[in-house]
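Subject: Structure handover

Hello,

Here is the structure I promised to pass on. Please open it alongside this message, and my notes follow below.

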Amino acid sequence: MGEAVYPVPAQWAANALVDEARYFEMYRQSVEDPEGFWAEHGKRLDWIRPFTKVKNTSFHEADFGIRWFEDGTLNLSANCLDRHLATRGDQVAILWEPDGLDEPHRAITYRELHEDVCRFANLLKSRGVKRGERVTIYLPMVPEAAVAMLACARIGAIHSIVFAGFSPDALAGRIIDCDSRIVLTADEGLRGGRKVPLKANVDEALQQCPGVDSVIVLRRTGASVNVVEGRDVDWATGIAAQSVECAPEEMGAEDPLFILYTSGSTGKPKGVLHTTGGYSVWASMTHQYVFDYRPGQIYWCAADIGWVTGHSYVVYGPLMNGATTVMFEGVPNFPDPSRFWQVVDKFQVEIFYGAPTALRALMREGDEWVTKTSRQSLRLLGSVGEPINPEAWEWYHKVVGDSRCPIVDTWWQTETGAAMITPLPGATPLKPGSASRPFFGVKPALVDNDGTFLEGATDGCLVITDSWPGQMRTVWGDHERFFQTYFSTFKGLYFTGDGCRRDEDGYHWITGRIDDVINVSGHRMGTAEIESALVAHAKVAEAAVVGMPHDIKGQGIYAFVTCNAEVQPDEALRKELIQWVRHEIGPIATPDVIQFAPGLPKTRSGKIMRRILRKIGENDVSNLGDTSTLADPSVVDNLLANRPQLA
Ligand code: ATP
Ligand code: MG
């Protein structure tokens, strides 16, 4: 993969929260003396009763358990709101940009947000919502979604956000799984100019959920919706009578905060449970250091609140740190592919955090959409969700960031709560495509299939050898599944499910999911490297690689390729790409099949679902597995209809 190294710009090294020497020093402290390190950094929050115990964790079956700051008490909504009122009550907390250009944006100050949250928390209480109870949130990217999250945290209710693009069935499954009796939604959502019938979806889902007795409906588009008397409450009417004061509930550090289902890239989504104290420390600390965040800076994480990045880096992390966080309702290419960068200019965004899937889609449309905007306000860029192909990284760096802004490529998972392996902008020389080094307190290691630790520059399964504060605590309702999924593969270690290469500088390169490793004539290959080679071709926008049965090689390589907007794929291009990969990586990586596709199957959070492609590669398409998180089923139909004839 990429050979280039981008040194830390001098200005960054001089002014950042941590430079390289300080990073190594803090990292050493964090792993040599976790008790001392976290006792100190745990104080970054306002605790109601300060903790005296710091870390009480074991990954071993006999005494398995994960507890952080366990005797402390706190409230996360108070840490996001109340603590700022005296110093920055009038600062904008949320800058909201609507889907279309015909509506004004909204700027909500910390004081206003505090009032909104208290009102809504009181409405929840008036509907009988109790501490510990699950509240399902099925809302578009509107400020009220953040209000709802914070209101739950305020009264100690556990929120479970379901991405507002999921089907009624997927929604019902999650409502039932976490046994929630209240759903928060809107009449309709707006995305890319299209209306999403959220309330109608809820009505349909609830036919399967007799336990739900309350639905609070936000007016977003004003469309007329079905109202079930006694069950449905209008949001605005509901809050009108509520007091703007609501004392924050005193929560134990280990009291549940939220449930969130994973993206479903590799199988049926898991209901990840995070608790209050450790998660809050982790989300706020990573947000501050990874983005070198200083209060008042305009910060934009373009993720949806329906996935964990939206939880930790649109809402909780930034608000704990007193940020002005941008919340965007729309999509990157509406009304045109300039939208992201227009919003950057409009709000003078300094820090932008996005996903490779969006970057590849924008790269495909050509540079002019970017270069016609100013982007002078940008100082730092971030990436999350999938390995970023070096080609896309270079484009992001050069075209979007004018070669001025460092890129933090943050590796993490719903399970990890927040960033785990990531550059720090003032401390880490960058290698395009590498998530680089661990954050404070994170102890990554590589093991082989037998769980033997691998030293030096090598490839292996990525594990984490010790707990960190933001680690998930259980799979909701299935503690056994939690242990089995993450701690049974390699005894005493947290198994990430990802493959990883560590280079001679100790940098980490995610090579893809372990399940996706291909074994060609005895050579094990991650999908990321072959995909990146394909994406490096000028005509290719995106690629996904899976294994297929092969008589001689054991496994062959099946590549799905999406071309740039103006390219008409043909036989000549197919041959050219095969040669290209041979040249870029070597003959061993020669694709056996290339299928051109207008789109790849992705989760709602934009990740490629290789497990579906693997089924196509294996010609085993009668049961594609759990497709509840698939963004666009027609993509799969198209792939099935256009499978090349195999010899
Ligand atoms: P499921 O667990 O349900 O299969 P998922 O793993 O896609 O879905 P998430 O928790 O949203 O659910 O994604 C975490 C995964 O995303 C990581 O395990 C990793 O494979 C990938 N990932 C996230 N960020 C990066 C990154 N910066 N570089 C490489 N891979 C990343
Ligand atoms: Mg996962």
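Which helix holds A146? A146 sits in α6, the helix that covers residues 143–155. Before going further, please keep in mind that this is a predicted model.

A146 is buried, since its relative accessible area is 1% and the cut-off for buried is under 20%. Leaving out residues up to four places away in sequence, A146 touches I94, V315 and M327. S180 is another matter. A146 and S180 are 34 residues apart along the sequence, and their C-alpha atoms lie 19 Å apart in space.

Now C461. This residue belongs to strand β23, residues 458–464. C461 is buried too, with a relative accessible area of 3%. What does C461 touch, once residues up to four places away in sequence are set aside? The list is A445, L446, V447, N449, F490, F495, D498 and I514. For one of these, N449, I also have a C-alpha distance: C461 and N449 are twelve residues apart along the chain, and 7.4 Å separates their C-alpha atoms.

Next, the backbone. Most residues other than glycine have a negative phi, and most peptide bonds are trans.

- F334 and P335 are joined by a cis peptide bond, with omega at about -5°. P335 lies in the loop that runs between β18 (324–328) and α12 (339–347).
- R375 is not a glycine, but its phi is positive, near 60°. Its loop lies between α14 (368–371) and β20 (380–384). R375 counts as buried, because its relative accessibility is 3% and buried means under 20%.
- D402 is not a glycine either, and has a positive phi of about 50°. The loop that holds D402 lies between α15 (390–400) and β21 (407–410).

Now the whole chain. How many helices and strands does the protein chain have? The count is 20 helices and 31 strands. The radius of gyration is 24 Å, close to the 26 Å that the globule rule gives for 647 residues, so the chain is as compact as a globular protein of that length. Along the principal axes, the C-alpha atoms fill a box of roughly 70 × 55 × 55 Å.

Burial comes next. Of the 647 residues, 62% count as buried. The chain exposes about 23,300 Å², and carbon and sulfur atoms supply 49% of that area. Contacts reach across the sequence as well. Among contacts between residues at least 6 apart in sequence, 72% join residues at least 24 apart.

On charge, the chain carries 63 positive and 83 negative side chains. The centres of the two sets lie 1 Å apart.

Last, the domains. The domain assignment gives domain 1 as 109–252 and domain 2 as 514–642. How far apart are the C-alpha centres of domain 1 and domain 2? They lie 39 Å apart. A146, in helix α6 (143–155), is inside the bounds of domain 1 (109–252).

Best wishes

Notes
Residues numbered from 1 in each chain as written. Chains lettered and ligands numbered in written order. Predicted model: local features only at pLDDT ≥ 70, side-chain atom pairs only at ≥ 80, totals over all residues. Heavy atoms only, no water. Domains from an automatic or database assignment. Helix = DSSP H or I, 4+ residues; strand = E, 2+ residues; numbered from the N terminus. Rg over C-alpha atoms; globule rule 2.2 N^0.38 Å. Buried < 20%, exposed > 50% of the residue type's maximum accessible area, 1.4 Å probe, protein only. Contact = heavy atoms within 4.5 Å. Areas by Shrake-Rupley, 256 points an atom, 1.4 Å probe, with all protein chains shown as cover. Lys, Arg positive; Asp, Glu negative; His and termini not counted. Charge placed at Lys NZ, Arg CZ, Asp CG, Glu CD.
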